[in-house]
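Take a walk through this protein model. Start with its charged pairs, then go on to its nonpolar cores.

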Amino acid sequence: MSEQYAALERAIREGNVQEAAAEAQALAEAGTSPLVIFSECIEPVLADIGDQFSRLEIFLPEMMESAEAVKGIQAILQPYLEADGSQRTSRGKVVICTISGDLHDIGKNLVCMMAEGAGFEVHDIGVDQSLDKFLAAAEKCKPNIVGMSALLTTTMTYMKTVVDGFKEKGLGDVKMAIGGAPVSQMFADEIGADGYGADASNAVDMFLELVEKK
């Protein structure tokens with residue numbers, strides 16, 4: 001990772017919210033795109049922290065402290081993302097949330113911010129959402145894409161329930177996209193999803209491809 005991100009990476013790993021926010025703001029004020037900060041620093045650091053957690057090298061309190069630091073960064077960078085996207089024509093609408101039974105939202109939040117920066121109108125309906133909540137959001141927002149996130153293998157199977165539920169309601173024209181640590185392109189194919197994002201940057205690229213196909 002570039003030396004320019006060393007202080008920001010350290011702040012995230014240490015869970016230092018104030019330092020992380022200050023470093024992110026300094027990078028943005030110096031002209032570094034928020035999207036670049038996400039893809040070149042925040043996403044790789046979060047992926048490594050997740051790997052460390054899975055290997056029991058760090059534990060839940062440390063991971064949650066890092067998550068809080070990232071939330072602080074998101075709050076700082078949001079205005080810069082909105083400024084970047086202010087002159088763009090809307091790319092389309094996305095309804096996104098974490099799937100039923102799952103309360104994890106850091107990855108989802110990154111996707112939301114980056115999608116907004118890319119010109120999408122994003123409707124984040126939160127975590128632990130059921131098919132009924134997805135359908136209600138779709139009825140209200142009329143999205144081009146529904147995005148689902150999961151961190152747990154025990155919850156990822158519910159994604160098929162949502163995909164099937166939309167088809168049963170005659171909403172097959174809404175593109176269904178999935179992401180999260182336990183899922184893959186193979187799983188997306190198995191459940192009939194239209195797209196898979198390996199990380200936040202990849203997810204936004206996938207959203208762009210999906211709306212171009214419509």
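A salt bridge is a side-chain nitrogen of Lys or Arg within 4 Å of a carboxyl oxygen of Asp or Glu. This is a predicted model: local features need pLDDT of at least 70, side-chain atom pairs count only at pLDDT 80 or more, and totals for chains, interfaces and linings use all residues. Residues are numbered from 1 along each chain as its sequence is written, and side-chain values use heavy atoms, leaving out hydrogens and water.

By this rule there are eight salt bridges. One joins Asp164 and Lys160, at 3.2 Å from N to O. Both residues lie in helix α8 (residues 158-168), four residues apart, about one turn of the helix. Helices (H or I, at least four residues) and strands (E, at least two) are DSSP runs, numbered from the N terminus. Asp164 is partly exposed, at 25% relative accessibility. Buried means under 20% relative accessible area, exposed over 50%, and partly exposed in between (1.4 Å probe, protein chains only).

Now look at helix α1. Arg13 forms a salt bridge with Glu9, their closest N and O atoms being 2.9 Å apart. These two are four residues apart in α1, about one helical turn.

Next come the cores. A nonpolar core is a set of buried Ala, Val, Leu, Ile, Met, Phe, Trp, Tyr and Cys residues joined through side-chain atoms within 4.5 Å. The largest has 45 residues. Leu8, Ile42, Phe120 and Phe207 have the most contacts inside it. Helix α10 gives the most to this core, eight residues. A second, separate core has 26 residues, including Val95 and Met156.
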